[in-house]
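Reader: Please take me through this fold. I want the criterion behind each label.

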Amino acid sequence: MTSTAWLTVLTTTDSEEKARLLAQGVVEARLAACVQISAPVTSVYRWQNAIETTQEWQLLLKTTAERYDELEAHLQEAHDYDAPEIIAMPVVRGSARYLGWVSAETAPVTSGGS
């Protein structure tokens, strides 16, 4: 197993309900095995030439590098921000059992004939 086979992807949104909907959608689509939603965080950023301070909910999505492109596309489609934060961080090390679970839960579903 290579160290770049798994990713933790970070995104944020402006309400708990939106965070739950994003999390539910990516897990249902098997694009993430697990999503952790953190309590509100304060974000300070420049947007359209103004300094903004807002409350956001942070999502940490556990996935594989193989599923990243589809996950990013899903988040771009489902998100209501003009430029949502979507940042992927490689998992350098992790327990084989957990990473195996992430791989199994994000594996594309193939339809078998019978």
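Author: Helix and sheet labels follow, each with its cut-off. This is a predicted model, where local features need pLDDT of at least 70, side-chain atom pairs count only at pLDDT 80 or more, and totals for chains, interfaces and linings use all residues. Residues are numbered from 1 along each chain as its sequence is written, and side-chain values use heavy atoms, with hydrogens and water left out.

Reader: What makes the end-to-end span of helix H1 agree with expectation?

Author: Helices (H or I, at least four residues) and strands (E, at least two) are DSSP runs, numbered from the N terminus. The expected span is 1.5 Å times one less than the number of residues. For the 13 residues of H1 (16-28) that gives 18 Å, and the end C-alpha atoms are 18 Å apart, so the two agree.

Reader: Which residues of H1 are called buried, and how do you know that they line one face?

Author: Buried means under 20% relative accessible area, exposed over 50%, partly exposed in between (1.4 Å probe, protein chains only). Ala19, Leu22, Ala23, Gly25 and Val26 are buried. Their arc, taken from the directions from the helix axis to the C-beta atoms, is within 165 degrees, so they line one face of H1. Glu17, Arg20, Leu21 and Glu28 are exposed on the face turned away.

Reader: Why are S2 and S4 called edge strands?

Author: Two strands pair if DSSP finds at least two bridges between them. The order is S2-S3-S1-S4, in an open antiparallel sheet. S2 and S4 (87-90) each have a single partner, so one side of each lacks a neighbour in the sheet. S1 and S4 have 4 bridges, in the antiparallel sense.
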